[in-house]
Amino acid sequence: MAAAVASWMQFARAAAIGWMPVASAAMPVPPRETHRARNGLIVLNVSGMKFQTWRDTLERYPDTLLGSSERDFFFLEENNEYFFDRDPDIFRHILNFYRTGKLHYPRQECISAYEEELAFFGILPEIIGDCCYEDYKDRRRENQERIQDDEDNDQTNELVSIDASFRETMWRAFENPHTSTMALVFYYVTGFFIAVSVMANVVETVPCGAAPNRVKQMSCGERYALAFFCLDTACVMIFTVEYLLRLVAAPSRYRFVRSVMSVIDVVAIMPY
């Protein structure tokens, strides 16, 4: 037995110093090295800031962008890294989620930007940890209220802008009737009723003969009182509408009311 062991030791020593191989096949890779070869470090370049992590750290969440094969669309072969044109400050918290399994909300970050980053990487905000979830809900509610207020203010400003634009258009139409067909029509209609009103006031004083059973002659205004009343009513209505429209469209209503033409219009309407 001792002789057999002694003869085998000679071959072992020769193999140890490289004189002869113990086996013709290559030695198997240790288990740890096999694991490292399959699960190597990967580099994540986020807008110039580089992060490193193990591949299986990301693949623990296959439903997300980094944990699925979709991340290969962002791989740069020349640099042997994944490039993402995203916010590196927020990405630090996202990468910690892959490492620890807990998602935290950074209070100093904008809530909208944070939600955009989560949506890009396919992470649901509902899994935010209990330590941060209340703060996240409060910030999100405040942000939604602020957005709603901004939308309401924008709608109000739009209505004010539309109203101001409409008033300016009306005022230009009154001051320069040739700006549009409707303004020109309104200009001629008001001019026609002004002429009719003047003629009616003149005709009312013209004698129209004596009425039956009366010796004294009557004026046309007395003889055809109902017709002239209807005509005066129509003219006054047109003048009143024109005055009110001018008052609404005037850039400065105070200056318009004090103007000479405005006073004349009021004096012409009031006796009715």
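I began at alanine 119, which lies in helix α5, where helices (H or I, at least four residues) and strands (E, at least two) are DSSP runs numbered from the N terminus. At 57% relative accessibility, alanine 119 counts as exposed; on the scale I used, buried means under 20% relative accessible area, exposed over 50%, and partly exposed in between, with a 1.4 Å probe and protein chains only. I also looked up its separation from threonine 64, which is 55 residues away along the chain, and found the two C-alpha atoms separated by 9.6 Å.

A note on the source: this is a predicted model, in which local features need pLDDT of at least 70 and side-chain atom pairs count only at pLDDT 80 or more, while totals for chains, interfaces and linings use all residues. Residues are numbered from 1 along each chain as its sequence is written, and side-chain values use heavy atoms, with hydrogens and water left out.

**Whole chain**

I counted 11 helices and six strands in the protein chain, and of its 272 residues 27% are buried. Taking contact to mean heavy atoms within 4.5 Å, I found that, among contacts between residues at least 6 apart in sequence, 53% join residues at least 24 apart.

**Nonpolar cores**

I next looked up the nonpolar cores, each a set of buried Ala, Val, Leu, Ile, Met, Phe, Trp, Tyr and Cys residues joined through side-chain atoms within 4.5 Å. The largest has 25 residues, and those with the most contacts inside it are Leu44, Leu66, Phe91, Ile94, Tyr114, Phe121 and Ile123. Two or more residues of this core come from each of β1 (41-46), β4 (81-84), α4 (88-100), α5 (111-120) and α6 (130-175), with α4 giving the largest share, six residues. Apart from this core lies another, of nine residues, among them Cys235, Val236, Phe239 and Ile269.

For leucine 66 I listed the contacts while not counting residues up to four places away in sequence, and these are Leu44, Leu58, Arg71, Phe84, Phe91, Tyr98 and Phe121.

Asparagine 45 lies in strand β1 and is buried, with a relative accessible area of 8%. Leaving aside neighbours within four places in sequence, I found asparagine 45 in contact with Lys50, Glu81, Tyr82, Phe83 and Phe84.

Tyrosine 61 sits in the loop between α3 (55-58) and β3 (75-76), and at 23% relative accessibility it counts as partly exposed. With neighbours within four places in sequence again left aside, tyrosine 61 is in contact with Gly67, Phe97, Tyr98 and Gly101. I also noted that tyrosine 61 and isoleucine 123 are 62 residues apart in sequence and 9.4 Å apart in space, C-alpha to C-alpha.

**Positive phi**

Most residues other than glycine have a negative phi, so I looked for exceptions. Serine 47, in the loop between β1 and β2 (49-54), has a positive phi of about 55° although it is not a glycine, and at 35% relative accessibility it counts as partly exposed. Asparagine 80, in the loop between β3 and β4, has a positive phi near 55°, and at 55% relative accessibility asparagine 80 counts as exposed.

**Cysteines**

With a disulfide taken as a pair of cysteine sulfur atoms within 2.5 Å, the count comes to zero.

**Largest pocket**

Last, I turned to the pockets, where a pocket is an open set of points on a 1 Å grid over the protein atoms alone, at which a 1.4 Å probe fits, with protein on both sides within 12 Å along at least five of seven lines, and lining residues have an atom within 4 Å of a point. About 770 Å³ of space lies in the largest pocket, the volume being the space filled by probe spheres set on the points, which are joined across faces, edges and corners. Of the 34 residues that line this pocket, Phe174, Phe186, Thr190, Glu242 and Arg246 are the closest to its centre. The elements giving two or more residues to the lining are α6, α7 (181-203), α9 (225-249) and α11 (260-269), and the largest share, 11 residues, comes from α7.
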